[in-house]
Amino acid sequence: MDIMVAALPAFLASAVEFVEALTIVLAVGVTRQWRSTLIGAGAAVVVLAAIVGIFGSAIVLLVPIDVLRLVVGGFLVIYGLQWLVKAILRAGGATSKHDEDAIYAARVSAMRAEPPVPARGMDWISFTVAFKGVLLEGMEVAFIVVTFGASAGQLGPAILGATLAGLLVLAVGIAVHRPLARVPENGLKFAVGLMLTTFGTFWAGEGVGVAWPWSDATLIVLLAVFAIGSLLAVRIVQARLQAASTARLAPVR
Amino acid sequence: MNSTAGRYLRAFGAFWYDFLVGDRPELFVGSIAILAAVWVGVQVGLQPGLASLVMTVLVLGLAAASLWRATRPTRGR
């Protein structure tokens, strides 16, 4: 159970971010040069691993757990609510859903507008775009791995969860050789947003002096409350949009 | 050298701003305000058990407020 506390959110969040990173890598590799693209993506993974290793270990070793849970909990509430609100708006139809095929097409088009690939040696455009794309998408994963891992005292399982997600996305990407448009990204973001908000509220609450009534078991109650509230919010967003649409169509007297 | 350092610093700041504040500043400000309010409440005698209920309701309220803000009709549309 304790292992899953850190591993599951890290796995789900990583799956979402690595799907997005895969789209960038595929677009660059297909249109320009695979070798430079893969070196760029690999370099970004090394940098991310170093960030998680250095910051994760430093935080676990140096920061007292009470301070850690307050600060990390606060960050997780902010970050979790951002993911959750975005997912609710997408599920309710207020904003467009993430479309990997459309993003891939836009990336390929942008890459074709770049100067031609050099005949020999590294293509630094491929390297830079792949490096930057994987690093930026991976930073969110690193943030979640470090915060969850450190606060739950489960840095290893969090890293394992993220690594498994990365390998899974990579394996499927190699197998299908196209963007993973069928992955239910919004559903995953919904789940991750719920988890981050739940754990963030719990840990930050402990940090400011809240006594949760059923100790750690309160996490399940909080998750259920936030899940029910979010599903209700999706309905309300849909109703508001429908009401706004009807009002616009109503004849002017 | 200074301009390069400044550029990296600005980019670093912009990254974290985008990461934590983004296009929903109310979630950033609101979350900090909730934590501060609950901390003050506990310090002045709010029962820690009751504080758990207050905190949960405030977090739900903040999400609702952000959703309301995102879906409100724009003037002149």
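How many helices and how many strands does chain A have? In this predicted model, chain A has eight helices and zero strands, and the order of its elements from the N terminus is accordingly written α-α-α-α-α-α-α-α. The C-alpha trace of chain A extends over about 70 × 65 × 30 Å along its principal axes. Of the 253 residues in chain A, 49% are buried. Among contacts in chain A that link residues at least 6 apart in sequence, 89% are made between residues at least 24 apart.

The largest nonpolar core comprises 90 residues, and within it A10(A) and V145(A) have the most contacts. Helix 1 of chain A, which covers residues 2–31, contributes the largest share of this core, with 18 residues. When neighbours within four places in sequence are left aside, V145(A) is in contact with A10(A), V52(A), A158(A), I159(A) and A162(A). As a general background to such an arrangement, nonpolar side chains in soluble globular proteins tend to be buried together.

A further position in chain A is A87(A), which is found in helix 3 of that chain. A87(A) counts as buried because 25 C-beta neighbours lie inside 10 Å, the threshold for this class being 20 or more. Although A87(A) and F190(A) are 103 residues apart along the chain, their C-alpha atoms are separated by 5.3 Å. With residues up to four places away in sequence not counted, A87(A) touches F190(A) as well as N186(A), K189(A) and G193(A).

Between the two chains, 27 residues of chain B are in contact with 28 residues of chain A. On the side of chain B that touches chain A, helix 2 (25–43) and helix 3 (48–71) of chain B each supply at least two residues, and helix 3 of chain B gives the most, with 15 residues. Sorted by class, this side of chain B has 19 nonpolar, seven polar and one charged residues.

The buried residues of helix 2 of chain B are L27(B), G30(B), S31(B), I34(B), L35(B), V38(B) and V42(B). These residues lie on the same side of helix 2 of chain B, because they cover an arc of only 135 degrees around the axis. They pack against helix 3 (65–92) and helix 7 (185–207) of chain A, together with helix 3 of chain B. On the other side of helix 2 of chain B, by contrast, P25(B), A36(B), V40(B) and Q43(B) are exposed.

Just after helix 2 of chain B, G45(B) adopts a positive phi of about 120 degrees. In chain A, S215(A) has a phi near 55 degrees, a positive value in a residue other than glycine. Most residues other than glycine have a negative phi. S215(A) is placed in the loop between helix 7 and helix 8 (218–249) of chain A, and with 8 other C-beta atoms within 10 Å S215(A) is exposed, the limit for that class being 12 or fewer.

Notes. Residues numbered from 1 in each chain as written. Chains lettered and ligands numbered in written order. Predicted model: local features only at pLDDT ≥ 70, side-chain atom pairs only at ≥ 80, totals over all residues. Contact = placed C-beta atoms within 7 Å. Helix = DSSP H or I, 4+ residues; strand = E, 2+ residues; numbered from the N terminus. Nonpolar A, V, L, I, M, F, W, Y, C, P; charged D, E, K, R; others polar. Arc of directions from axis to C-beta. Core = buried A, V, L, I, M, F, W, Y, C linked by C-beta atoms within 7 Å.
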